[in-house]
Amino acid sequence: MIATTDMTGQFNAAEAAAKLILSRTPLRPQIGLVLGSGLGGFADTLSDATRVPYAEIPSFPQSTAIGHAGRMVIGNAGSVPVAAMQGRVHLYEGYSAQEVTFPIRVFARMGIRAVILTNAAGGINRSYAQGALVLIRDHINLQGTNPLVGVNDDRFGARFPDMTHAYSRAYREAAREEVRKLGITLHEGVYAALLGPSYETPAEIEYLRRIGADLVGMSTVAEVIAARHMGMSVLALSCVTNMAAGILDQPLSHAEVMETGERVKTTFEALLRAVLPRVAADLPS
Ligand code: HPA
């Protein structure tokens with residue numbers, strides 16, 4: 001457990017966790033990947049893979065969500081060494097925003113300068129359909145918390161980090177170029193993050209639509225804030241596993257979320273494979 005307001009404690013814990021992970025593999029990952037609900041299969045396609053269960057990493061939060069394997073896989077995606085998280089923890093599991101973002105801190109202490117974050121999301125924008133893939137262009141944080149609350153540790157980053165360019169435009173353009181070659185349709189939208197774990201009401205979805213959200217989910221935003229705090233570049237990708245509450249007149253279920261993840265698996269993995277070398281070619285200094 002990491003103390004909520006002790007960022008220096010987090011720094012030292014992240015350092016220890018990074019050391020343990022790197023001691024298990026000769027690879028030096030360039031990109032950190034977080035694979036969301038139903039999307040973890042990509043990690044099983046990596047070559048020269050080393051698997052480190054979260055339980056073996058000091059201070060690492062353990063995922064309780066169904067559909068999350070709970071391990072880090074370090075391996076090569078083609079010629080790009082990556083560290084992929086099969087499963088993440090969420091605020092709704094009872095973890096603090098500092099705990100939720102601890103893996104991102106660890107990525108940074110491993111020397112990683114760019115992250116690709118993925119998630120399952122509800123589609124609010126009516127031009128999306130179930131199974132659509134959406135690049136996140138911006139976010140609205142409605143989770144009521146922020147991973148940077150507490151005394152700041154300047155070794156991570158500034159007290160008041162800028163969020164104007166949270167989602168790298170260069171990476172989004174590179175992703176769009178790659179999907180064009182692959183013939184995959186890729187949308188772009190604004191992701192609203194709520195605490196969960198209950199799904200939204202139709203009235204909440206109507207509210208989110210009016211304030212400019214295209215997608216809704218329960219993850220990612222805290223991770224983006226922590227990554228930007230440390231100067232890491234971010235590409236974030238949602239899979240619309242279901243249309244949000246009230247858009248279609250039918251109830252939502254976690255089973256549906258997992259089924260859609262499974263259905264788009266091949267396309268999603270092709271997209272990641274194509275985008276990774278582009279991100280690796282454009283890492284921040
Ligand atoms: N709402 C919130 N989170 C989600 C959804 C949703 O409809 N689908 C997948 N994650």
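Student: What volume does the largest pocket have?

Tutor: The model is predicted, so local features are taken only at pLDDT of at least 70 and side-chain atom pairs only at pLDDT 80 or more, while totals for chains, interfaces and linings use all residues. Residues are numbered from 1 along each chain as its sequence is written, and side-chain values use heavy atoms, with hydrogens and water left out.

The largest pocket has a volume of about 360 Å³. On a 1 Å grid over the protein atoms alone, a pocket is an open set of points with protein on both sides within 12 Å along at least five of seven lines, a cavity is a set where a 1.4 Å probe fits but cannot get out, and lining residues have an atom within 4 Å of a point. Grid points are joined across faces, edges and corners, and a volume is the space filled by probe spheres set on the points.

The lining of the largest pocket comprises 23 residues, and S37, Y92, A120, Y199 and M218 lie nearest the centre. Two or more lining residues come from each of β5, β8, β9 and α7 (254-280); here helices (H or I, at least four residues) and strands (E, at least two) are DSSP runs, numbered from the N terminus. The most is given by β5, with four residues. By class, the lining has 10 nonpolar, 11 polar and two charged residues, where Ala, Val, Leu, Ile, Met, Phe, Trp, Tyr, Cys and Pro count as nonpolar, Asp, Glu, Lys and Arg as charged, and the others, Gly among them, as polar.

The ligand takes up the space of this largest pocket; a molecule sits in a pocket or cavity if more than half of its atoms lie within 2 Å of its grid points. Around the ligand are A120, A121, G122, Y199, E200, V216, G217, M218, T241, N242, L252 and V257, each having a heavy atom within 4 Å of it. This shell draws at least two residues from each of β5 (114-123), β8 (215-217) and β9 (233-243), and β5 gives the most, with three. Its residues divide into seven nonpolar, four polar and one charged.

Polar contacts, meaning pairs of N or O atoms within 3.5 Å, can be followed at three of these residues. The side chain of N242 places an N or O atom 2.7 Å from a nitrogen atom of the ligand. From the backbone, an N or O atom of A120 lies 3.3 Å from a ligand nitrogen, and a polar atom of G122 is 3.4 Å from a ligand nitrogen. The protein covers 95% of the 260 Å² of accessible area that the ligand has on its own, as given by the Shrake-Rupley method with a 1.4 Å probe.

The second largest pocket holds about 170 Å³ of space. Among its lining residues are R137, D138, H165, R169, R172 and R228, and β6 (133-141) and α4 (169-182) each supply at least two. This lining divides into three nonpolar, four polar and five charged residues.

Finally, the structure holds one cavity of 30 Å³ or more. The largest cavity has a volume of about 40 Å³, and its lining includes H90, L91, V100, Q143 and M218. M218 is also one of the residues around the ligand.

Methods. A polar contact is a pair of N or O atoms within 3.5 Å; within protein, one must be able to donate a hydrogen and the other to accept it, and residues adjacent in sequence count only if both atoms are side-chain atoms.
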